Every structure is written in structure tokens, then in C-alpha cells.
Amino acid sequence: MVQGNDYSNQKISTCDQKSNKYMNGIDAFRKILNTNGPRGLYRGFGISIMTYAPSNAVWWASYSVAQRLVWGGIGSYMCNENENGGVVAFTPDSRTVMAVQGVSAAMAGGVSALVTMPLDTIKTRLQVLDSSDDNNGRKVPTIGQTVRNLVREGGWMAFYRGLGPRWASMSMSATTMITTYELLKRLSTKNQENLIR
């Protein structure tokens, strides 16, 4: 991806190493370090922070809202009225709690992907696609130039290229992260309670 190979009109040959700038990860590390120094290893670091900080903020806010929505839906479905007109509360088991957390995490991942996709597209373009201009003697484009290039290439929808895979990736990783975190949190709480007794 970093090498910017376009195989759309070519047969892909795994033996064709001449067209590749890097042979493997270690070779890429050495060449980047020799060409650009340590700073070259951090190309796009600032824009990555500018992408991931809002993405995480949107995710956590969305996760909280999604949990309330899912629990509200489950609560209204599972709660019953008793003969006195009162509501009998629903007490979920640990599987239900994990399922709600997983669904909420996936929903939050989707919202976060949708909201922050333009930032991720700009970041990716700056790190990968437009960085190939540096080798042709041209200056690496700024964020503003990258935005103008994207609008020129495909209008404002160009910022949402790859939304489906990013949505899926963020939803799956968020679901895995939050269910693992919550499971470990519950297990450590149980261990703490057993130590106190």
C-alpha cells in the first residue's frame, strides 16, 4: 500500500521485486531511516492524532447512548406489569449484559466511522497515496491541498471512499475490545469480592 503500486491493469507477479521500493518491513524501515531520518518514521503522526482523538471521543459518546437505547429497548420488551399495576424489573444475566455491550460497541463503531471518515480519508491520503509525490521531486501536499484534490477527484463523496470496510473494522474491533474489557473487569471484581470474604 505504501509503495503505491497500481495493479489494476497489470498481472500481479510476486517475483517482480524491481518495481517495489521495499522488499519487506525491515527493508522499508532501513530505507526510510536512511532517506528521511527518524522523522520519516513518523510521517502522518500529527494527522493520525487529529483523526483518532475525535474518533475515540465520538465512539465513547456513541457507546453510552447506544447502551441506553439497547437497554431501553430490552427493558420495555422484558418488563411486565404485576397485578397491582407496578412494573416488575428485569434483571439481566451476564450473557445478556455482554450481548448488549457488544451490540452497543458495534453501533458506536459505525457511528464513529461515519462521523470521522473524512478525517481518516485525508490521513490515509497524506500518509500513503500523496506521499509518492515526494520521490518525484515535488513537495508533499498539505492538508488543504489534499482536501482540494479529493473534492476535485470525486466531490464530497470522495471523503467516504472505503466507508464499508472501515465501518466493519471499527465495529468488530470495538466489539472485541469492549467485551474483553468488560469481561476482565467483571472477573477481577469477582476475584476482589472473594479475597474480601
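Trainee: Why is Y42 called exposed?
Mentor: This is a predicted model. In it, Y42 has 55% relative accessibility. Exposed means over 50%, so Y42 counts as exposed.

Trainee: What makes Y42 and F45 an aromatic pair, and of which kind?
Mentor: Their ring centres lie 6.1 Å apart. The cut-off is within 6.5 Å. Their planes stand at 90 degrees, and over 60 counts as edge-to-face. The pair is therefore edge-to-face.

Trainee: Why is the pair of W156 and F159 called stacked?
Mentor: The angle between the planes is 20 degrees. Under 30 degrees counts as stacked. The centre-to-centre distance is 5.2 Å.

Trainee: Are W156 and F159 buried or exposed?
Mentor: W156 has a relative accessible area of 60%, so W156 is exposed. F159 has 4% relative accessibility. Buried means under 20%, so F159 counts as buried.

Trainee: How do you know that the length of helix 1 agrees with its residue count?
Mentor: Helix 1 has twelve residues, 25–36. At 1.5 Å a residue, they should span 16 Å. The end C-alpha atoms are 16 Å apart, so the two agree.

Trainee: Which residues of helix 1 are buried, and why are they said to line one face?
Mentor: They are D27, A28 and I32. Seen down the axis, they fall within an arc of 125 degrees, so they line one face of helix 1. The face turned away carries the exposed residues I26, R30 and N34.

Trainee: What makes N24 a cap for helix 1?
Mentor: A side-chain oxygen of N24 lies 3.1 Å from the backbone nitrogen of I26. A polar contact needs N or O atoms within 3.5 Å. N24 caps the N-terminal end.

Note on methods:
Residues numbered from 1 in each chain as written. Predicted model: local features only at pLDDT ≥ 70, side-chain atom pairs only at ≥ 80, totals over all residues. Heavy atoms only, no water. Helix = DSSP H or I, 4+ residues; strand = E, 2+ residues; numbered from the N terminus. Expected span 1.5 Å × (residues − 1). Buried < 20%, exposed > 50% of the residue type's maximum accessible area, 1.4 Å probe, protein only. Arc of directions from axis to C-beta. Polar contact = N/O pair within 3.5 Å; in protein donor to acceptor, adjacent residues only side chain to side chain. Phe/Tyr/Trp six-rings, centres within 6.5 Å; stacked < 30°, edge-to-face > 60°.
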